[in-house]
Amino acid sequence: MQINNSLQPVDLSTKLTQFWELSGQKIRLIEQRYDVSKGSPVFTVQGQYTTRGWTEWTQGFQFGSAIIQYDATNDIEFLEIGRQKTLDLMAPHISHIGVHDHGFNNVSTYGNLLRLMREGRIPQNDWEQNFYELALKISGAVQASRWTTIKNGGFISSFNGPHSLFVDTIRSCRALTLSHALGHVFQGEGDVKINLLERALQHIKATADYSVFYGEGRDSYDLWGRTAHESVFNVKDGNFRCPNSQQGYSGFTTWTRGLAWAMCGFAEELEWLATRDDAELEPFGGRASIDAFMLKAATATCDFFIEHTPIDGIPYWDTGAPNLHRLGDYLNRPADPYNDVEPVDSSAAAIGAQGLLRLGKYLLSTGSTEAGQRYWQAGLTVLDTLFSEPYLSTNPTHQGLILHSIYHQPNGWDYVPAGSKIANGESSMWGDYHAREAALYLQRIIRNEPYYTFFNCLP
């Protein structure tokens, strides 16, 4: 990346105004035209949202987008969409024992609604508040029940099975930390109490140890900050076996959306931990050791993103994609979503930008000015590109907000338009939602409003 060190948040104000206007249009289009009988909208084909049966992990982004839109614009229409659809359709996601996506679905809906109430943005209603809190408590416990014990801890297993740790799931640890912080008591056989904070921290540590590479020790052959999408374990003895990938090119290359999940997840959990008492963390190794491994993973992944992304901040779908070499010196020019060999993934940029900004803000708050400023400016640089064409979708009939997102390149699920050799021009529900989150984050900074975090929903 070529970091723009002169860029200031206020410089993006005009882009944010256009962004929210287009965002509202897209939400209305989906409300008017999407056939809900087909399931949750996942990604677009020729500009129209379609579903893709794998797991139900995107519906929370759909309704969460409406809630975020209200937060940014005060347009009550979007609050009512998000609130009513959460009530009508999100209950199955609370009790879904088959996925690792509770932090995606439920924190984006119930969590955002509770946050708005805590912030005084919607009227206080005790029963409504209790409803949102109960949903978050149970969601975190159900997520924590997908547990695999390993030699030095454990992890929340992916939908692939108990052997499988996905790097994505670090962002679902929000569900566990919120449930814990809301005082929920999770119990197992014989009424044994299971500490949700312990499970969250063990999962984050497993992600730092096995999903992120540092070029030292076990992975001395590898690069600082590279990530693997999946880590595979022997469930009989708890030993790590190998890196793997489902949506990336291989276990030995970096699928950039997985990298972005790690960037964002580590950074926001560092922010949350900074609000907790030292005594709460002491039984799990203490603040110093916990902060150390999280900060190492956060900085490593953000460094890798900066070093292996084209100058404008938009990454290709995998840094080891087999045909990238045919693009020549692709890192030293803007990403080209219309090239003939490998797609970019704008959704990785939307997610990763938030990680860069949050890590930068965290480091600045702790006195690490030079490093903090580097990540902060990198995040602004990404958003400056992302909130402009050809990534911002200005076509009034296209239901997507951020163009050139990729879902599953190895499976060939993404739409390749006529005359093109690669997928481009389409959007995803997660890319659009995370672009909205990043836009809200930045807008609150510009307006000196309360700092936006997932844990603002806590008392």
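How much space lies in the largest pocket? The largest pocket holds about 180 Å³ of space. The model is predicted: local features need pLDDT of at least 70, side-chain atom pairs count only at pLDDT 80 or more, and totals for chains, interfaces and linings use all residues. Residues are numbered from 1 along each chain as its sequence is written, and side-chain values use heavy atoms, with hydrogens and water left out.

**Overall form**

The protein contains 15 helices and 9 strands, these being DSSP runs numbered from the N terminus (helices H or I, at least four residues; strands E, at least two). Along the principal axes, the C-alpha atoms fill a box of roughly 60 × 55 × 45 Å.

Of the 459 residues, 61% are buried (buried is under 20% relative accessible area, exposed over 50%, partly exposed in between, with a 1.4 Å probe and protein chains only). The protein exposes about 16700 Å², of which carbon and sulfur atoms supply 50%; accessible areas come from the Shrake-Rupley method with a 1.4 Å probe, and for residues only the protein chains shown count as cover. Among contacts (heavy atoms within 4.5 Å) between residues at least 6 apart in sequence, 70% join residues at least 24 apart.

**Pocket and cavities**

Both kinds of space are found on a 1 Å grid over the protein atoms alone: a cavity is a set of points where a 1.4 Å probe fits but cannot get out, a pocket is an open set with protein on both sides within 12 Å along at least five of seven lines, and lining residues have an atom within 4 Å of a point. Grid points are joined across faces, edges and corners, and a volume is the space filled by probe spheres set on the points.

Helix 9 (196–211) and helix 12 (287–307) each supply at least two residues of the lining of the largest pocket, and helix 9 gives the largest share, 4 residues. Among the lining residues are Glu 198, Lys 205, Phe 284 and Phe 293.

The structure holds 4 cavities of 30 Å³ or more. Lying nearest the centre of the largest cavity are Trp 54, Trp 57, His 100, Asp 168 and Gln 247, out of 14 lining residues. About 100 Å³ of space lies in this cavity.

The two linings divide by class as tabulated (Ala, Val, Leu, Ile, Met, Phe, Trp, Tyr, Cys and Pro count as nonpolar, Asp, Glu, Lys and Arg as charged, and the others, Gly among them, as polar).

| Lining | Composition |
|---|---|
| Largest pocket | 4 nonpolar, 4 polar, 2 charged residues |
| Largest cavity | 8 nonpolar, 3 polar, 3 charged residues |

**Individual residues**

Arg 436 lies in helix 15 (residues 429–446) and counts as buried because its relative accessibility is 3%. Not counting residues up to four places away in sequence, Arg 436 touches several residues, including Phe 19, Trp 20, Lys 26 and Leu 401.

Pro 390 is in the loop between helix 14 (369–386) and helix 15, and a cis peptide bond with omega of about 10 degrees joins Glu 389 to Pro 390.

Gln 46, in the loop between strand 1 (43–45) and strand 2 (48–50), has a positive phi near 55 degrees. Gln 46 counts as exposed, at 58% relative accessibility.
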